[in-house]
Amino acid sequence: SHPAPPPDLLATDRLLSVEEREIRATTRALVDELVRPHIAGWWDDGELPARELAKRFGKAGLLGMHLSGYGCAGASATAYGLACLELEAGDSGIRSLVSVQGSLVMYPIWRYGSDEQKDRWLPGLAAGNLLGCFGLTEPDSGSDPGSMRTTAVPDGDGYRLDGVKLWITNGTLADVAVVWARLDDAAPVAAADGPARTGRPAAGTDGTAGTDGTDGTDGPTGRARRRGTVRGFLVPTDTPGFSAREVTGKLSLRASATAEIVLDGVRLPASALLPGASGLGAPLSCLNQARTGIAFGALGAARDCLGTALDYAATRTQFGRPLAGFQLTQAKFADMATAWTSAYLMALHLARSADEHTAAPAAVSMAKLHSSRTALEIARTCRTVLGANGITSDYPVMRHAANLETVLTYEGTAEVHQLSIGRALTGLDAFS
Ligand code: TGC
Ligand code: FAD
């Protein structure tokens, strides 16, 4: 089972409701039962029984848990964060499975979808009977998704999609892909049965979808700006022209399926368009949800490292005393516990703000940046405490450290979040 969490010196548990503690305990027990006995082997083999896990997580109410209706649990953002923390204490790939499904697939359908789309997809996704994936990143558009090349062209009563998406979690396993593509503004939109919303996100709106139809071709700064407005499409993965290929050779997040997706003349009915999502703000609003979960999740991986290192240092003896008795080791633990607690309190504050609809995008960036950086630093330091044993898969520390390199990079790299915070502080946009 799990290593004992480090003592809660600031008594932060009193900040949680009884229900939140129960969700945390249930998720921890599920991770102990389903994940811990197998994760080292899955990671070594580069495999994850995602379908079986999704069904169990669905049964426990963890999929799309911060959404309401359609079989979703209607829990708070805080409860969702705590669940992410426990899942990632098992492995970042496990939290990825849940956050992609809930925040990146179910959330856009829930927020921007038609009633028909919600009825068709959400109950199966919430139960874990269906899996989804989120296709934003492309080979030439990572940090700058506004430069995406994937196009949607009106085609008869529907659309034709062409393009390539890369690094797509669960791309090879998904039943439905949420694909973001540029739809030419000049072309009629076949099924816009919902109003496109406009306006930049203000604090508290959590990224109201805007239009970016003013995007032309290359702007004065040289940033690639292509024609058309970013729109979202629900693509059943058995549609002709859709194919997915597993990315191999990963040394991080090995217990997670990652794919290249090719859309080669994929023909979709008009009903595949997400009617309420118009502009880059729509996929970015989904990322706000997932990034909030990651702000907690990364700390789960770090807590697992810290607990493991404390246990190890208590029993490993050198120079006639346990490692834990050396001043340098204690200094490491003191610094790690302090950094962990400060990041946790920031994540908790962010989630409470999200529950009150007052979480600004820059606040999400700050928490995601701080947690992922802090967690990676903790994992590396814990690895030093375990000495040579730390590099093996007998202990979870090196696996977490390797995973956290991905966590630092996906959902916006550390540098992207620094620049987002910098933009909010200075009013100057360093991206352009
Ligand atoms: P910019 O001009 O700043 O914004 C375009 C429109 O979007 C709005 N917006 C946001 N809305 C909601 N939330 C946010 N965080 C938002 N940030 C911006 C903005 O107001 C504007 O709206 P409007 O109405 O004026 O059009 O756009 P930009 O092109 O300068 O880019 C900004 C930047 C760099 C911050 C953004 O593009 C970005 O976040 N880049 C990083 C890309 C990224 O994070 N990709 C993640 C892919 S998915 C993934 O990694 C899943 S991993 C699997 C797992 O989670 O487990
Ligand atoms: P780049 O954007 O090319 O950046 C490379 C480096 O340059 C980074 O250090 C970056 O910070 C830096 N850089 C870029 N721009 C600037 C700048 N303006 N100033 C300073 N530095 C800059 N995407 C999805 O859409 N769906 C998924 O499900 C998904 N899952 C993923 C799973 C895994 C395992 C991984 C590794 C990635 C996943 N991604 C997914 C993609 C992920 O979101 C991108 O990798 C990420 O957004 C960064 O893009 P990039 O890798 O192309 O790096």
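Colleague: When does a residue of this predicted model count as buried, and which class does Leu253 belong to?

Modeller: A residue is called buried when its relative accessible area is under 20%, and exposed when that area is over 50%. In this predicted model, Leu253 has a relative accessible area of 4%. Because that value falls under the 20% limit, the class of Leu253 is buried.

Colleague: Where is Leu253 found, and what is the value of its phi?

Modeller: Leu253 is part of the loop that runs between strand 8 (242-246) and strand 9 (258-268). Most residues other than glycine have a negative phi. Leu253 is not a glycine, yet its phi is positive, near 45°.

Colleague: Is Ala11 buried, exposed or partly exposed?

Modeller: Ala11 is located in the segment before helix 1, and although not a glycine, this residue has a positive phi of about 50°. Its relative accessible area is 32%. Buried requires under 20% and exposed over 50%, so Ala11 is partly exposed.

Colleague: Leu16 also needs a description. How far apart in space are Leu16 and Ala244?

Modeller: Leu16 lies in the segment before helix 1 and is buried, with a relative accessible area of 4%. Along the sequence, Leu16 and Ala244 are separated by 228 residues. From C-alpha to C-alpha, their separation in space is 42 Å.

Colleague: Which side chain makes a polar contact with the side chain of Arg303?

Modeller: Arg303 belongs to helix 7. With 8% relative accessibility, Arg303 counts as buried. Its side chain makes a polar contact at 2.9 Å, and the partner is the side chain of Glu86.

Colleague: Let us turn to the ligand. Which backbone has a N or O atom 2.6 Å from a nitrogen atom of ligand 2?

Modeller: Several polar atoms can be examined here. A polar side-chain atom of Thr169 is 2.9 Å from a nitrogen atom of ligand 2, and a polar backbone atom of Phe134 is also 2.9 Å from a nitrogen atom of this ligand. The backbone N or O atom at 2.6 Å belongs to Trp167.

Colleague: How much of the accessible area of ligand 2 does the protein cover?

Modeller: On its own, ligand 2 has 980 Å² of accessible area. The share of this area that the protein covers is 67%.

Colleague: Which element gives the largest share of the shell around ligand 2?

Modeller: The shell holds 16 residues, with Thr137, Ser143, Trp167, Thr413 and Glu415 the closest. By class, seven are nonpolar, seven polar and two charged. Two or more residues come from each of strand 5 (158-169), helix 10 (397-409) and helix 11 (414-426). The largest share, three residues, is given by strand 5.

Colleague: What is the volume of the second largest pocket?

Modeller: The lining of this pocket consists of 25 residues, and those closest to its centre are Pro6, Pro7, Asp8, Trp340 and Thr341. By class, the lining has 15 nonpolar, four polar and six charged residues. The space in the second largest pocket is about 540 Å³.

Colleague: Which helix supplies the largest share of that lining in the second largest pocket?

Modeller: At least two lining residues come from each of helix 1 (18-34), helix 4 (77-90), helix 7 (281-315) and helix 8 (327-355). The largest share of the lining is nine residues, and these come from helix 8.

Key:
Residues are numbered from 1 along each chain as its sequence is written. Chains are lettered from A and ligands numbered from 1 in the order in which they are written. This is a predicted model: local features need pLDDT of at least 70, side-chain atom pairs count only at pLDDT 80 or more; totals for chains, interfaces and linings use all residues. Side-chain values use heavy atoms; hydrogens and water are left out. A residue is near a molecule or strand if one of its heavy atoms lies within 4 Å of it. A polar contact is a pair of N or O atoms within 3.5 Å; within protein, one must be able to donate a hydrogen and the other to accept it, and residues adjacent in sequence count only if both atoms are side-chain atoms. Accessible areas come from the Shrake-Rupley method with a 1.4 Å probe; for residues, only the protein chains shown count as cover. Helices (H or I, at least four residues) and strands (E, at least two) are DSSP runs, numbered from the N terminus. Ala, Val, Leu, Ile, Met, Phe, Trp, Tyr, Cys and Pro count as nonpolar, Asp, Glu, Lys and Arg as charged, and the others, Gly among them, as polar. On a 1 Å grid over the protein atoms alone, a cavity is a set of points where a 1.4 Å probe fits but cannot get out, and a pocket is an open set with protein on both sides within 12 Å along at least five of seven lines; lining residues have an atom within 4 Å of a point. Grid points are joined across faces, edges and corners, and a volume is the space filled by probe spheres set on the points. Buried means under 20% relative accessible area, exposed over 50%, partly exposed in between (1.4 Å probe, protein chains only).
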